[in-house]
Amino acid sequence: MKKLYITTPIYYVNAKPHIGHAYTTVACDVFARFNRMLGMDVKFTTGTDEHGKKVEQSAIKAGNTPQGFTDSISKLFRDLLPVLNISNDDFIRTTESRHKKTVQHFWEKLKNAGYIYLGEYSGWYDMRNEAYFAEDELVDGKSPLGGEVQYITEPCYFFKLSAFQNKLLDFYEKNPDFVYPTQRRNEMLSFIKQGLRDLAVSRTTFSWGIPVPDDPKHVVYVWLDALTNYLTLNGYPENEDQNNDEYWNNVIHFVGKEIVKFHAIYWVAFLMAVGIKPPKQVVSHGWWLSEGEKMSKSLGNVQDPYKYCKIFGSDALRYYLMREITFGSDGNFSLDSFIHRYNSVLANSYGNLCSRVLAFIVKYCNGNVYRPTVTSAEDEEFINSVNNCIGAIVPLVQNYNFSKYLEKIEQAITLANQYMDAKKPWTLKLDNSNRMQDVLFILTATIYKITKYLYPVIPQATTLLMNQLHMSCDMQLSDAEALPETIHIDSVTPLFPKIDAKNIKRQDVCAKD
Ligand code: ME8
């Protein structure tokens, strides 16, 4: 089995999880589940990024110790995973001892390779984003990432990033798909071409971090610490030979657009410095606004994934996140459009198709339908049209075009509802029960196929549907056509009950604190 390693960013614990974090995690989960259905051996990881001055200060503000504070927020991220139905294989906290060991080992490797030196740093420090900037990088007195800055001078270890400019350009040229989408790749290339300065990779102004080996006054820069999580999760340093590790050779980092630089430049250079192959790809997506504005506590528009899952179920949130915006572009999360998509697609289109076909079979066919011996030209045309929609899906997912993938499924569902309306099994029942049987089998086979392809996005409802069909829930696409001669259904449970928008208010789905 070919191996694939998929990672989310590890999230900062200075704020509770919101739908932006849920988005990346769900996208990775959909990609992981889809690839497992294609027969890949997938390892999928996520976790929390817990060191740094920002966290130390948030803890003090909350009247807690950094450890106590990170324990409580990290738990909110971890507990969200089963709520969102995420199939991750591991969860890392950067405060774990397995990670500390990896970071210190990695540091020694960088140092022994001659890429770390001691110097002194003066510069504008953006605490919110844990990054230094030069005077000419500031925008209106703030960091280019939007954070307030302070002028700081500290002794500091540097990483010789400047030594990697040509190696990075060469790597980008040889690996044109390394950064997805192309626009972000171009941004990275122009950043590299502008010239790379050496990077400050230790701090002495706070202590909440991993101590630098042999110089514990310094803690390791939080981004060097955080990026190394991807190695910890792949068994490094015990599993030292990452270049011959099949997961590492096929590792894809999913990230939001604002942290591409850290993954696609700094991380690549760190890895090159210790002789480990860079990741296969850095896949970046856009940013969600909420009700047209940046999410913020003061505006009361921080969309809470726990609340969405509680009210609508995790499938509904997963579907909306994957369908509403094109992966790679920014978009707007709104309660109205959420409810609209839920009702129009999940309840009225897919849910209704499943319940009307299956309920009809239970009521008028004793729950059994049999494979037809002959099919009409119209049946074939319908089956071909559905297959055309479904046939487009694998390359769309492989190219991270999740919204188009779901658009294709929606087209197939519409075709199936139209076929049922046109063939009218309720009329056939009166004078042509054989033909009614055939039509119902064809519809059930279509539902089965659509359901398989929908599984990565809505695993809960599709598993329930497979159970109703008495089909295996071990989802593999290779058997999407393999149906038994007889399909039996005992009873039907509605998948997505319709929701009345009037009953749900914005405060029901937004975080209160
Ligand atoms: O950057 N829209 O952590 P973080 C879309 N610890 N995605 C969003 C989003 C939004 N409005 N808000 C957050 C960090 N995200 C570092 C990462 S990795 C080695 C270290 C998602 O808690 C998106 O994936 O600020 C973004 O990149 C990530 O959360 C940032 O999470």
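Which backbone atom lies 2.9 Å from an oxygen atom of the ligand? One answer is a backbone N or O atom of G256.

## About the model

This is a predicted model, where local features need pLDDT of at least 70, side-chain atom pairs count only at pLDDT 80 or more, and totals for chains, interfaces and linings use all residues. Residues are numbered from 1 along each chain as its sequence is written, and side-chain values use heavy atoms, with hydrogens and water left out.

## Around the ligand

Let's look at the ligand's surroundings. The shell has 23 residues, and the closest are I10, Y12, T24, D49 and E258 (a residue counts if one of its heavy atoms lies within 4 Å). By class, 12 are nonpolar, 9 polar and 2 charged (Asp, Glu, Lys and Arg count as charged; Ala, Val, Leu, Ile, Met, Phe, Trp, Tyr, Cys and Pro as nonpolar; the others, Gly among them, as polar).

β1 (3-12), α1 (19-37), α7 (222-227) and α8 (229-232) each supply at least two shell residues, and β1 gives the most, with 4. Helices (H or I, at least four residues) and strands (E, at least two) are DSSP runs, numbered from the N terminus.

## Backbone contacts

A polar backbone atom of Y12 is 2.9 Å from a ligand oxygen, while a polar backbone atom of W288 is 2.9 Å from a ligand nitrogen. Polar contacts here are pairs of N or O atoms within 3.5 Å.

## A helix pair

Further along, helices α13 (residues 377-391) and α15 (residues 402-423) pack at about 165°, with axes 8 Å apart. That makes the pair roughly antiparallel (angles over 145 degrees).

Technical notes. Polar contact = N/O pair within 3.5 Å; in protein donor to acceptor, adjacent residues only side chain to side chain. Axes fitted to C-alpha atoms, helices over the stretch in contact; angles between N-to-C directions. Parallel < 35°, antiparallel > 145°, perpendicular 65-115°, else oblique.
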